[in-house]
Amino acid sequence: MSDPGPEAARLTLREDPDGLLCTVVEGDLSDDMAREIAAACKGLSDSGREVLVLSDTRRIGTISSSARKVMASEMRAVRFDAIALFGASFAVRVVSTLAAKSVQILTQQSYPVQFFETEGEARAWLLAQRDALRGSRPRA
């Protein structure tokens, strides 16, 4: 089975019951998809909630330089807490790491980005990150 081309590319975004923003990109990541992901992250950040992203990269195609620029620009105002990606190829790991580092430099914010083989591993790590964040915040 071949990867879907640009005409068949699809983005799925949803917030799960654990408060994780789940993203799935099938095919090439377009500028519009990058804007949608950034808007979802910004919405969580603006609400004051944790921004914990669980990204399924098993079927992602290419991430163009213009999509990377859109993400870096649009995510400047987002306060990330942690990002977990699973199923990433070596090339996707490299590009994703570079994109995350550029956002961290632009925002002067550091947050963990980890890669995992399975969704279960990625989810468990993100939930541990969430619990640690909640445990370190002062109670109202």
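Q: Let's begin with the largest cavity: what classes of residue make up its lining?
A: By class, the lining of the largest cavity has 20 nonpolar, four polar and two charged residues, where Ala, Val, Leu, Ile, Met, Phe, Trp, Tyr, Cys and Pro count as nonpolar, Asp, Glu, Lys and Arg as charged, and the others, Gly among them, as polar. Please keep in mind that this is a predicted model, in which local features need pLDDT of at least 70 and side-chain atom pairs count only at pLDDT 80 or more, while totals for chains, interfaces and linings use all residues. Residues are numbered from 1 along each chain as its sequence is written, and side-chain values use heavy atoms, with hydrogens and water left out.

Q: What counts as a cavity here, and how many are there of 30 Å³ or more?
A: The structure holds one cavity of 30 Å³ or more. On a 1 Å grid over the protein atoms alone, a cavity is a set of points where a 1.4 Å probe fits but cannot get out, and lining residues have an atom within 4 Å of a point.

Q: And what is the volume of the largest cavity?
A: The volume is about 440 Å³, taken as the space filled by probe spheres set on the points, with grid points joined across faces, edges and corners.

Q: Which residues are closest to its centre?
A: Of the 26 residues that line the largest cavity, S55, M71, I83, L85 and S96 are the closest to its centre.

Q: Which elements give two or more residues to that lining?
A: They are strand 2 (21-29), helix 1 (31-47), strand 3 (52-56), strand 4 (60-63), helix 2 (65-74), strand 5 (82-86) and helix 3 (90-107). Helices (H or I, at least four residues) and strands (E, at least two) are DSSP runs, numbered from the N terminus.

Q: Which one gives the most?
A: That is helix 3, which contributes five residues to the lining of the largest cavity.

Q: How much of the chain is buried?
A: Of the 140 residues, 41% count as buried, a word that stands for under 20% relative accessible area, with exposed meaning over 50% and partly exposed in between (1.4 Å probe, protein chains only).

Q: Back to M71, where is it, and is it buried or exposed?
A: M71 sits in helix 2 and is buried, with a relative accessible area of 18%. In helix 2, A67, V70 and A72 are buried as well as M71, and the buried residues of this helix pack against strand 2, helix 1, strand 4 and helix 3.

Q: What does M71 touch?
A: Leaving aside neighbours within four places in sequence, M71 is in contact (heavy atoms within 4.5 Å) with L29, A34, I37 and V103.

Q: What about S65?
A: S65 also belongs to helix 2, but S65 is partly exposed, with a relative accessible area of 41%.

Q: And D18, where does that one lie?
A: D18 is in the loop between strand 1 (10-15) and strand 2, and D18 is partly exposed at a relative accessible area of 31%. Beyond its neighbours within four places in sequence, D18 is in contact with R123, L127 and R130, and from C-alpha to C-alpha D18 is 9.8 Å from L126, although the two are 108 residues apart in sequence.

Q: Last one, which residues is T12 in contact with?
A: T12, which lies in strand 1, is in contact with C22, T23 and V24, leaving aside its neighbours within four places in sequence. T12 is partly exposed, with a relative accessible area of 33%.

How values were computed:
On a 1 Å grid over the protein atoms alone, a cavity is a set of points where a 1.4 Å probe fits but cannot get out, and a pocket is an open set with protein on both sides within 12 Å along at least five of seven lines; lining residues have an atom within 4 Å of a point.
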